[in-house]
Amino acid sequence: MRRRSSLLVLGALLVLLATACAEEPADPEAGGGGETAAPTVPTIQEGVLQVGSCLDYPPFESVEGGDEVGFDVDLAEEIAGRLGLEVEWVRADFDTIFTAVAGQQFDMVAAASTITDERLQTVDFSDPYYNSRQALVVATDSGITSTDDIGEGDRVGVQRGTTGRGYAEEVLEPQGAEIVSFQAAPDAFRDLEAGNLVAVVNDEPSSAEIIEDLPTLTIAQPIDTDERYGFALSKDNPELTEAVNGALAEVVADGAYAEIFERYFPGVEVPPEFQPTA
Amino acid sequence: MSTKQPTSQSDILETPAERRQVALARLIQVLGASGLALVILGTISVVLLRGLVPHQRIVEALESAETLWILLTSLALGIVAVATGFGRFKRMPTKTSRERAIAGGVLGIQALILAAALLAFREAGDPERFVFHFFNFGVLEGYLGLFAWAAVNTLILAFVGQVGGMIIGMMLAFLTLSKRKAVRAPARVYINFFRGTPLIWQLITFYFGFALGLGIRPEIDLGPVAFGPAYTAAMIVFVLNTGAYSSEVFRAGIQSIERGQMEAARSLGMSYLQAMRYAIIPQAVRRVIPPLLNEFVILIKDTSLVVVLGLASSEYELFTLAREGYSDSFNATFFTAAAAGYLVVTLPLIRAVNVVEKRLRSGLVTVAA
């Protein structure tokens, strides 16, 4: 009898403890709204722009010392600021990120995503915010200088769900290459480093950043595929898309874009369509 | 007045009223069963008859008048079965008819719930959206061969893991049963390590960590058949992991044989090893087969974890293929197909496990037959 009642008391104490610890953190709505006179944009959580990202793709998005850093990160936060919203970053796998935003698991995707017709069937894209090329990354001592050198039986690494994989399948697979897909881009680079792969096809700026500290890897050849990055948004929220486009245009016009660009791509000229007009 | 023992139900019943009750019980059971059969088989038939591709046909089938009639009828059958079954079972004269009435009521509940759910889905839900995303078999065009091949890969990974694991497991089990602590301890460490860390961690660490950290690149090239580094690493990890779990199964099996068997064997002049080989192990094998088969079924599903490694397209197993198809098409029908693939592989195995278990159990005294 005594044991049962003491168990009950213990159980009740645990429940109390659990509810106490599960207190919601400070209400984000209290801080986000009312700062500017901008009309509130519809988002999943009022006053907050939930942005999904893989967060493992420098220099566009990565985590350093617990903080999100990168070109996409700064640009998204600048845009959100113009709309009077606070950014909440949500980590998500890249190969399911478009269906996730279409299903409204977050408001927007900032993950160095190329605007493609296939993706446009599932999501809406903002106006382009970056011109990108792919790159063929190889071991420095492999002697490969172009995509023509990729031949029969060569294992080429790509990230699942990317345009890099599309390119590899269209151009390299007919040449006899074996395409190896990875969940995350860094995994492909690690495999290349380990010698399991002959090459990796991945976005150029990200590849350059990733191999900056790896002298054993180099970019054999940049591949121009006429790709532009955009922020992916749910088709069910056209107002947000419009608002983001407006804020993006503003950010470009008054020079904030150029500032962010120079921060992450020093020495590279800001493309003419993104130059400030003010 | 007959005084012989009642040999069948008809002997026990004495009045026509009782016979009617028994017949009613049978009717209730039939009502419940047919209600359930109608809602399941009827709906599926309507869908199949209209065609599965393109997905609009499925939506039309679900929203058609025929389906409405089927659902309403089975709903009615279900309600009647529940009402009569649970209302009357206490008054049934024989045990069999009581059981029949209750069974009819339970089947009626199931028919009721299913029919009501489907009706609610039809009217209040969005069948078009659901069918488009999960039963859009059109997007699977061209993938059938790939799925078949992927199922083969799943089986290869699981089979190699299981067989290799059993070999390692048997050796480890003996080590854990040794009298010398110096022999038991390393075996214990191995077992605890592989049971204590997540399989997904083991896969990633072995593949990425070893290749980078130690320069170990496992690859198997047997000429016509070649396994790339990811596939080979996965097979190795499955063998090591299953080895740890199997060793526990083997150890428990051996230890479950009573001491008396070992004593009897030793008293006949056999050495420890001979006693093991001729007396203990043969008996332990019977006890060990069902959990090992179970282990195999679980392993088949664990092979899906290789999605986090770098596999070439010819090496894809069911889940990786589904994930790739999904990220290309943004359509979850691939996951439906993967589930079907896994079920096709595991259900017959589960059946086989149950059959084997039954046959091995005969002769041993158990709690429930």
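Chain A comes with a mean pLDDT of 85, and 86% of its residues reach 70 or more; pLDDT is the predictor's confidence in each residue, from 0 to 100. This is a predicted model, where local features need pLDDT of at least 70, side-chain atom pairs count only at pLDDT 80 or more, and totals for chains, interfaces and linings use all residues. Residues are numbered from 1 along each chain as its sequence is written, while chains are lettered from A and ligands numbered from 1 in the order in which they are written.

One stretch to treat with care is residues 21-37 of chain A, where pLDDT stays under 50. The model has 17 contacts beyond four places in sequence for that stretch, a contact being two residues whose C-beta atoms, placed from the backbone, lie within 7 Å. Where pLDDT is low, the predicted coordinates should not be read in detail.

Staying in chain A, look at the loop between β1 (48-53) and β2 (62-64), which holds A:Pro59. (Helices are DSSP runs of H or I with at least four residues, strands are runs of E with at least two, and both are numbered from the N terminus.) The peptide bond from A:Pro58 to A:Pro59 is cis, with omega near 0°. A:Leu55 sits in the loop between β1 and β2 too, and has a positive phi of about 55° despite not being a glycine. A:Leu55 counts as buried, with 22 C-beta neighbours inside 10 Å; the cut-offs are 20 or more other C-beta atoms within 10 Å for buried, 12 or fewer for exposed, and partly exposed in between, with C-beta atoms placed from the backbone.

A:Gln104 also has a positive phi, about 60°, and is not a glycine. You'll find A:Gln104 in the loop between α4 (97-102) and β5 (108-114) of chain A, and with 12 other C-beta atoms within 10 Å it is exposed.

Now over to chain B. An automatic or database assignment sets the domain bounds, giving domain 1 (19-135) and domain 2 (143-361). Their centres, taken over C-alpha atoms, are 41 Å apart. Chain B has a cis peptide bond from B:Val53 to B:Pro54, with omega near -10°, and B:Pro54 lies in the loop between α2 (16-50) and α3 (55-63).

Finally, the two chains meet: 23 residues from chain A and 15 residues from chain B make the contact. On the chain B side, α9 (199-213), β3 (311-312) and α13 (318-329) each supply at least two residues. Strand β9 (residues 178-182) of chain A pairs with β3(B) in the antiparallel sense over two bridges, pairing needing at least two DSSP bridges between the strands. There, A:Ser181 has B:Leu311 as its bridge partner.
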